[in-house]
Each structure stands twice: as structure tokens, then as C-alpha cells.
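Hi,

Here is the structure I promised to hand over.

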Amino acid sequence: MNCALVIDTSFIMSDLLPDENGNEINLALYDIHVPALFYLECNNVLQVALKRNRIEIADHKEYLQVLNSLPIIVDKFSATCESLYSISKLSQKHDITAYDAAYLE
């Protein structure tokens, strides 16, 4: 049984993008969890990297394939209206953005 690990977009992108410093962690040892907004954030990072010529279009497609192949468990709660209260509460309690609170939740 693997340990649970919540990762954010910057963690994954630092492994994917060529001009970033990667992480030295074996993700296969963990059950990886992310909130529903994770793939939107990843897509946004890749779009910006493409616009700024940090990556080529062929790289963009490859990164999408890599992201699609990762064994990630998506918590869809943050995409529901019920999450408004709990995420807002966490955001206020820890003085963080709603996006970060979604990862914490």
C-alpha cells in the first residue's frame, strides 16, 4: 500500500519543463491526489510556456501525454457548490488563496 501524497501544479511542472529544477522523489511510491483544478492549472502553465517560447508545440503535446499518463487521483469535491464553504473556511483560517485551500481540502 502506497502513502498518500497531495501534489500541486508547480511540483509537477518543475519535473516537466526543461528550464526548471526537477524533484527528486519517486512518485510511483505514492498515491497521488490533486483537486479538480489541477489539470486546468497544468494546461495554463503549458499554454504560457508555449506563448513565451519556453517550449515548442511538439513538447507541448508530449507534456499533455505525460500528464495524461500519470496515476493521479482527482478529488472532484472542489468542483462542487458544496465546496464553497469548506474551501472558504480553510482559505480564511490559513490566510491562503482559494486555489491553495482546494489542495489543502
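One cut-off before anything else: I call a residue buried under 20% relative accessible area, exposed over 50% and partly exposed in between, using a 1.4 Å probe and protein chains only. By that rule His 60 is buried, because its relative accessibility is 9%.

Some housekeeping. This is a predicted model, so local features need pLDDT of at least 70 and side-chain atom pairs count only at pLDDT 80 or more, while totals for chains, interfaces and linings use all residues. Residues are numbered from 1 along each chain as its sequence is written, and side-chain values use heavy atoms, with hydrogens and water left out.

**His 60**

Back to that histidine, which sits in helix H3. Its side chain makes a polar contact with the side chain of Gln 47, at 3.1 Å. A polar contact here is a pair of N or O atoms within 3.5 Å; within protein, one must be able to donate a hydrogen and the other to accept it, and residues adjacent in sequence count only if both atoms are side-chain atoms. Plain contact means heavy atoms within 4.5 Å. Leaving aside neighbours within four places in sequence, His 60 is in contact with Asn 43, Leu 46, Gln 47, Leu 50 and Ile 55.

**Strands**

Two strands pair if DSSP finds at least two bridges between them. Strand S1 (residues 3-6) runs parallel to S2, with four bridges, and Ala 4 has Asp 31 in S2 as its bridge partner. On to strand S3 (residues 72-75): four bridges join S2 to S3, again in the parallel sense, and Pro 35 stands opposite Asp 75 there.

Ile 32 lies in strand S2 and is buried, given its relative accessibility of 1%. Apart from neighbours within four places in sequence, Ile 32 touches Leu 5, Ile 7, Leu 27, Pro 71, Ile 72 and Ile 73.

I define a nonpolar core as a set of buried Ala, Val, Leu, Ile, Met, Phe, Trp, Tyr and Cys residues joined through side-chain atoms within 4.5 Å. The largest one has 23 residues, and those touching the most other members are Ile 7, Ile 12, Met 13, Leu 17, Phe 38, Leu 46 and Leu 67. Helix H1 (9-16), strand S2 (30-35), H2, H3 and H5 each give two or more residues to this core.

H1 is largely enclosed by the rest of the structure, because six of its eight residues are buried. Those are Thr 9, Phe 11, Ile 12, Met 13, Ser 14 and Leu 16, and their cover includes H2, H3 and H5. Ser 14 is buried at 9% relative accessible area, and its side chain reaches the backbone oxygen of Phe 11 at 2.8 Å.

**Phe 38 and its ring partner**

Phe 38 is buried, with a relative accessible area of 0%. Not counting residues up to four places away in sequence, Phe 38 touches Ile 7, Asp 8, Thr 9, Ile 12, Ile 72 and Tyr 103.

For aromatic pairs, I take rings of Phe, Tyr and Trp (its six-membered ring) with centres within 6.5 Å; planes under 30 degrees apart count as stacked, over 60 as edge-to-face and the rest as tilted. How many pairs does this rule give? The count comes to one. Phe 38 and Tyr 39 form it, edge-to-face, at 5.2 Å centre to centre and 75 degrees between the planes. Tyr 39 is partly exposed, at 33% relative accessibility.

**Two loop residues with positive phi**

Asn 53 has a positive phi of about 60 degrees although it is not a glycine. Asn 53 is in the loop between helix H2 (38-51) and helix H3 (57-69), and is exposed at 64% relative accessibility.

Asp 95, also not a glycine, has a positive phi near 55 degrees. Its loop lies between helix H4 (83-94) and helix H5 (98-104), and Asp 95 is exposed with a relative accessible area of 73%.

Cheers
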